[in-house]
Amino acid sequence: MQIPVFTVDAFTNRPFSGNPAAVCLLENELDEGFHQKIATEMNLSETAFIRKLHPGDDFTKSSCFGLRWFTPANEVPLCGHATLASAAVLFLIQKNTNPVLTFVTLSGELKARQVKDHIVLDLPLYTAHPQVLEEVEELIKAAVGDMTVQDVRYSPDTKKLLVRLSDTYERSVLEELKVSAQSFLSAEKTGKVKGLILTLKGNSSGKGHDFYSRYFAPWYGVLEDPVTGSAHAVLSSYWSEQLGKKEMLAFQCSRRGGELKICLRSDGRVDIAGQSAVVLKGTLTF
């Protein structure tokens with residue numbers, strides 16, 4: 001069997017920055033066990049599998065496809081950057097001419113469209129509720145030590161814990177923070193957290209970023225995810241409430257880093273836009 005595979009850096013226009021995802025185009029059904037084996041072999045934070053939904057479908061002409069995401073450890077219900085990467089392969093490599101692409105996923109139907117040099121993702125918006133500090137105190141201490149925490153929220157839909165650091169900290173403090181994400185596995189006692197977001201208020205005057213973040217998911221085999229669309233589906237809701245804004249500019253402060261344009265919609269969803277760079281094309285043969 002031969003499967004076309006692409007490596008795409010999402011939420012950046014520069015190769016070797018942003019968040020890399022592998023994208024596989026499935027002409028035929030793939031035996032279930034091979035999805036995870038391929039994702040483990042690719043060893044990126046996510047590998048996306050685009051599949052045709054009907055025998056007559058075409059990657060160049062069809063507008064609706066199935067989409068699944070796998071980390072090196074397991075399948076995940078939502079991945080924003082690998083969805084952006086998948087849309088980039090269809091729009092930019094396959095030259096798909098449809099104005100909007102629809103992906104059928106574990107999180108429902110997700111749409112992607114091109115707007116100038118960006119791809120805009122239509123994602124669900126998730127609310128994070130106040131979290132009792134004592135329940136997650138050991139996990140937070142493992143992440144940030146004795147740093148001052150201003151707010152703690154939990155998103156039950158995504159199982160993500162949002163930890164907002166004090167507004168007195170600068171962006172550089174978040175960027176330079178040394179985090180041992182592997183230690184989260186033993187520090188998390190509730191059994192309900194599967195992802196940890198660290199976030200910080202930005203300087204939105206002029207062209208500055210409204211907020212910054214980093215994201216860790218060792219429970220899924222990803223110590224730190226460079227730029228995370230699904231985390232921003234939680235962050236967008238939180239910071240919109242805090243800042244009183246519907247349109248925001250965000251930056252994820254990982255080593256590779258990436259910028260996201262955010263627009264909350266009236267239907268309770270969020271548009272997240274980013275650029276992409278395709279850095280590798282190849283064929284899996286087995």
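A salt bridge, as I use the term today, is a side-chain nitrogen of Lys or Arg within 4 Å of a carboxyl oxygen of Asp or Glu. By that criterion, 2 salt bridges are counted between domain 1 and domain 2 of this protein. Please bear in mind that the model before you is a predicted one.

Let me begin with the two domains. The domain assignment places residues 2-122 together with 274-285 in domain 1, and residues 129-267 in domain 2. Taken over C-alpha atoms, their centres lie 25 Å apart. At the interface, 20 residues of domain 1 are in contact with 16 residues of domain 2. The two domains bury about 1,300 Å² between them, and 53% of that area is on carbon and sulfur atoms. Which three residues supply more of the area that domain 1 buries against domain 2 than any other three? They are Phe-11, Gly-18 and Asn-19, with 33% of that area.

Asn-19 brings us to strand 2, which spans residues 19-26 and has 8 of its 8 residues buried. Both faces of the strand are covered: Asn-19, Ala-21, Val-23 and Leu-25 are buried on one side, and Pro-20, Ala-22, Cys-24 and Leu-26 on the other. Strand 2 has two partners to consider here. Strand 1, residues 2-10, runs antiparallel to strand 2 and is joined to it by 6 bridges; Phe-6, for example, has Val-23 as its bridge partner. Strand 3, residues 46-51, pairs with strand 2 in the parallel sense, over 6 bridges, and there Leu-25 stands opposite Ile-50. With helix 1, residues 32-42, strands 2 and 3 make a right-handed β-α-β unit.

Val-120 is in strand 8, residues 118-124. Is Val-120 buried or exposed? Its relative accessibility is 8%, so Val-120 counts as buried. Beyond its sequence neighbours within four places, Val-120 is in contact with Lys-111, Ala-112, Arg-113, Val-115, Asp-271, Ile-272 and Ala-273. Ser-276 is in strand 18, residues 276-285, and counts as buried because its relative accessibility is 17%. Again leaving aside neighbours within four places, the contacts of Ser-276 include Val-8, Asp-9, Ala-10, Leu-84 and Ile-119.

Finally, the salt bridges, of which the structure holds 17. Glu-135 forms one with Lys-192, with the closest N and O atoms 3.6 Å apart. This pair links distant parts of the chain, 57 residues apart: Glu-135 is in helix 3, and Lys-192 is in the loop between helix 5 and strand 12. Glu-135 is partly exposed at 44% relative accessibility, and Lys-192 is partly exposed at 24%.

A second pair is Asp-167 and Arg-164, whose side chains meet at 3.0 Å, N to O. Here Asp-167 is partly exposed, with a relative accessible area of 34%, whereas Arg-164 is buried at 6%.

Elsewhere, salt bridges that share partners join Arg-113, Asp-122, Arg-265, Asp-267, Arg-269 and Asp-271 into one network. Within it, the side chains of Asp-122 and Arg-265 meet in a salt bridge at 3.2 Å, N to O.

Notes: Residues numbered from 1 in each chain as written. Predicted model: local features only at pLDDT ≥ 70, side-chain atom pairs only at ≥ 80, totals over all residues. Heavy atoms only, no water. Buried < 20%, exposed > 50% of the residue type's maximum accessible area, 1.4 Å probe, protein only. Helix = DSSP H or I, 4+ residues; strand = E, 2+ residues; numbered from the N terminus. Pairing = 2+ DSSP bridges. Right-handed = clockwise from strand over helix to strand, strands pointing away. Contact = heavy atoms within 4.5 Å. Domains from an automatic or database assignment. Buried area = accessible area lost by both parts, 1.4 Å probe.
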